[in-house]
Structures are given as structure tokens and as C-alpha cells.
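User: I'd like to learn how to read contacts and helix packing. Can you walk me through a case?

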Amino acid sequence: MTRVLVVDDDPQILRALKINLAARGYTVLVASDGTKALHVAAHDHPDVIVLDLGLPDLDGTDVISGLRGWSTTPIIVLSARTDSGDKVEALDAGADDYITKPFGMDELLARLRAAVRRVSSRPTGDEALVRAGELCIDLAAKQVSRDGMLVHLTPTEWGILELLVRHRGKLVSQRQLLGEVWGPRYQTESHYLRVYLAQLRRKLEPDASHPRYLITEPGMGYRFRS
């Protein structure tokens, strides 16, 4: 059975969607705020997420960004925001589809079916928590601990680590790292990576001079080895 996580702070909408989706054979999970949505997504692994943008604790785009740090689960935004800028921001953050309120149940069901079809051939196994030796990297919460102690990373350090961990075991080129973390104009500034990788190794590696996790492939790029 397809499992749908519905995220909305309006109890009437949550109840209506839960009843309608369950009647059509879906297993329905619910969350009334962004923090709970991230928690449920990380622990229950829904097949599709239906997400309102106007949540009481986090903006919906922040929830999308948090999910996209580790998950490829389809996200359908269901929002009263009709401005094109809001739609572009949500889609750029990683949403797969956008429906404005008020909405028709038939349209939502069609979008759900389409989302499930698009991902039916994708590999499963998204992980929010990645463990490597004494390291525990929480891609949903965007934090890392070493031997149980939280390690403070700058936004740039986290951006590098997140990208490497999401591609763990695979080579990530210098150009890709520079382009995604700093932007396309910085794709030749390889000295940035040397500086920041040295900082990350000092914070995360048992022996920064002999890295176990953050591996350099000379002249090519870097990889995260778990």
C-alpha cells in the first residue's frame, strides 16, 4: 500500500485528506508542523509527501530543503499561496509538484498517482542517519556528532560534507563540489576545497593527516568512505 505523509496545520484539512485517502486504499501518516514532518519522514519513509507551506514552526520550503538533504521521496506542495514566486521557490527547493488551495480531490489523487509512477523504478533505501565509525551524520537535522558529541560545522563545511555523504563511496569532482557549494563562478577555485577539507578533517577524522572518511583523489576530487 502506498504510504502518504500529509503535512498541514489545519486539523480539518488533515482529517479530510486522511479520510479520503484511506478510503482509496492509501496508508496515511499525518504531521501538523515541520519538525514532526521531518521526524515522521525519517522514521516511517512515506512513498509520497503532501506538504502545506504555511506551517507554525518552519516554512514549508525549509522542510523541503531538509528532506532533500537525504531523501528523493516525491513532495507535492498543497498551499494557499498563489504567487508565482512562492511556486518557483518551492520547486527550486526540491518539490515535485504544486497544487493551490482550494483543490479538487480528483486532481490531488491524479497528482499522487503520477508521483508514484515516476518513482516506481527508483532504488529505495533513503537514509537520514549515516554512521561511519565514530561519526553519526544526520542529514535531516543537518548536524554531525563524533563519539556522541555534537560537532559544530560552518554552513560551508556542512555543505561540503552533505554533498560527499549523499554520494558516499562515489567520487565527487572538484568542479561539482565548488559549483554546488559556492556557485558556478567558483568552479576553478580548487584552493577553497583544500582549505575547507583540512578544516573538516581536523574536526571529524581520528587522525587528520591520515584521513579515514574524507578521501582525496588527487587531481579529480573527493569521496566519503563509510
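User: Leaving aside neighbours within four places in sequence, which residues is Glu217 in contact with?

Analyst: Keep in mind that this is a predicted model. With those neighbours set aside, Glu217 touches Leu171, Tyr222 and Arg223. Glu217 itself is found in strand 11, residues 214-217.

User: What does the side chain of Glu217 make a polar contact with?

Analyst: For a polar contact, look for a pair of N or O atoms within 3.5 Å. Here the side chains of Glu217 and Arg223 pair up at 2.8 Å.

User: On to helices. How do helix 3 and helix 4 pack, and at what angle?

Analyst: Start from the angle between the axes: under 35 degrees counts as roughly parallel. Helix 3 (residues 60-68) and helix 4 (residues 84-93) pack at about 15°, with axes 8 Å apart, so they're roughly parallel to each other. Their crossing is right-handed.

User: Which residues meet there?

Analyst: From helix 3 you get Thr61, Ile64, Ser65 and Arg68, and they meet Glu89, Ala90 and Ala93 of helix 4. Sorted by class, that contact has three nonpolar, two polar and two charged residues.

How values were computed
Residues are numbered from 1 along each chain as its sequence is written. This is a predicted model: local features need pLDDT of at least 70, side-chain atom pairs count only at pLDDT 80 or more; totals for chains, interfaces and linings use all residues. Side-chain values use heavy atoms; hydrogens and water are left out. Axes are lines fitted to C-alpha atoms, for helices over the stretch in contact, and angles run from 0 to 180 degrees between N-to-C directions. Helices (H or I, at least four residues) and strands (E, at least two) are DSSP runs, numbered from the N terminus. Angles under 35 degrees count as roughly parallel, over 145 as roughly antiparallel, 65 to 115 as roughly perpendicular and the rest as oblique. A crossing is left-handed if the near helix is turned anticlockwise from the far one by less than a right angle, and right-handed if clockwise. Contact means heavy atoms within 4.5 Å. Ala, Val, Leu, Ile, Met, Phe, Trp, Tyr, Cys and Pro count as nonpolar, Asp, Glu, Lys and Arg as charged, and the others, Gly among them, as polar. A polar contact is a pair of N or O atoms within 3.5 Å; within protein, one must be able to donate a hydrogen and the other to accept it, and residues adjacent in sequence count only if both atoms are side-chain atoms.
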